[in-house]
Amino acid sequence: MADGSTRAIAVHNGVHDSNAALAYYRMTGLHDFTLVSTGTWVIIINLDCPLGALDQERDMIANVTVNGEPAPSLRFMGGREYDLISDNWNKSISQAAVEHVMERGIFAIPSWAAGGPFPETKGHIVGGDVSGEERAAVAALYVAMMTDLSLDLIKSENLLVIDGGLAKIDLFTAMLAQLRPTQTVVRSMMSEGSATGAAALAFKALGLKPFGDETVPVSASQIPGLDTYRARWRELADGARAAARAARPDAKEASR
């Protein structure tokens with residue numbers, strides 16, 4: 001101090017938001033799970049994924065947990081893409097609206113924002129024009145399809161924990177549970193796992209553990225044709241990616 005005296009203070013360093021959420025769920029007693037941390041970005045972390053499965057061209061990296069472990073991760077800007085595709089829809093979405101756009105064969109093709117598993121392609125809608133609730137239904141389907149594909153890329157076969165803003169959209173979590181029938185899906189009742197994780201780490205430094213598991217099970221939706229829709233969406237998305245990669249200058253040089 002200015003007068004030459006000294007004082008001891010506790011310093012809590014910052015932490016990456018999704019890593020804070022991961023630490024929180026592990027501290028509540030959960031283990032062997034994949035975290036789907038949602039907000040502007042959807043960050044998916046699966047500690048069980050082999051590091052050799054990471055593909056930098058699909059926006060997959062190894063983060064580092066607060067304990068210093070490698071954390072295989074994949075990201076895409078799902079929250080922002082949902083807002084862009086849905087025209088900032090902030091009301092509920094009915095299953096009837098989802099079924100109608102599926103029957104019409106309407107798909108949102110990636111990508112609508114930077115990063116993600118399809119960085120080469122430009123987002124667009126195929127199959128017809130949509131507006132209002134039906135456009136929001138297309139957006140919800142898009143985020144569900146992207147999350148489901150990302151879970152396959154990151155080799156997720158364990159418990160699924162959905163955290164953050166998209167966890168509040170019942171239709172999104174229910175469709176994800178339908179698409180992943182071999183996995184148990186739970187969603188967080190906390191408003192923000194990242195902030196709660198930061199608090200939990202600070203409490204841990206004081207020897208306190210005030211948080212417990214507050215996740216609740218998600219019941220799968222029963223939407224006819226959802227698997228067929230997924231297969232067609234992947235076909236369209238993969239086709240757009242292949243075409244974009246083939247058109248790259250480096251690809252043309254390699255073919256000469």
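Helices here are DSSP runs of H or I with at least four residues, numbered from the N terminus. In this predicted model, helix α6 covers residues 193-205 and contains A199. A199 has a relative accessible area of 26%, so it is partly exposed. Its C-alpha atom is separated by 29 Å from that of M1, a residue 198 positions away along the chain.

**Sheet**

Seven strands make up an open sheet with mixed pairing, in the order β3-β4-β2-β1-β7-β8-β9. At the edges are β3 (60-64) and β9 (216-217), each of which pairs on one side only. Strands β1 (residues 33-38) and β7 (residues 159-164) run parallel and are joined by six bridges.

**Aromatic pairs**

The structure holds six aromatic pairs. One of them is formed by Y24 and F211, and it is edge-to-face. Y24 belongs to helix α1 (residues 17-27), while F211 is in the loop between α6 and β9; the two residues are 187 apart, and the pair links distant parts of the chain. Y24 is buried, with a relative accessible area of 0%, whereas F211 is partly exposed at 26%.

The rings of F118 and W233 also form an edge-to-face pair. F118 lies in the loop between β5 (107-109) and β6 (124-126) and W233 lies in helix α7 (residues 226-246), so this pair ties together parts 115 residues apart in sequence. F118 is buried at 0% relative accessibility, and W233 is buried at 1%. Buried means under 20% relative accessible area.

The geometry of these two pairs is listed below.

| Pair | Centre to centre | Angle between planes |
|---|---|---|
| Y24 and F211 | 5.8 Å | 85 degrees |
| F118 and W233 | 6.2 Å | 85 degrees |

Planes over 60 degrees apart count as edge-to-face. Y24 and F211 are also members of a cluster, linked by ring pairs, that includes Y25 and F203.

**Charges over rings**

F118, already described as paired with W233, has R58 over its face, at 5.0 Å from the ring centre. A further arrangement involves W41: the charged end of R75 sits over its ring, 4.3 Å from the centre.

**Summary of F118**

Definitions and conventions: Residues numbered from 1 in each chain as written. Predicted model: local features only at pLDDT ≥ 70, side-chain atom pairs only at ≥ 80, totals over all residues. Heavy atoms only, no water. Pairing = 2+ DSSP bridges. Buried < 20%, exposed > 50% of the residue type's maximum accessible area, 1.4 Å probe, protein only. Phe/Tyr/Trp six-rings, centres within 6.5 Å; stacked < 30°, edge-to-face > 60°. Lys NZ or Arg CZ within 6 Å of the ring centre and 35° of its normal.
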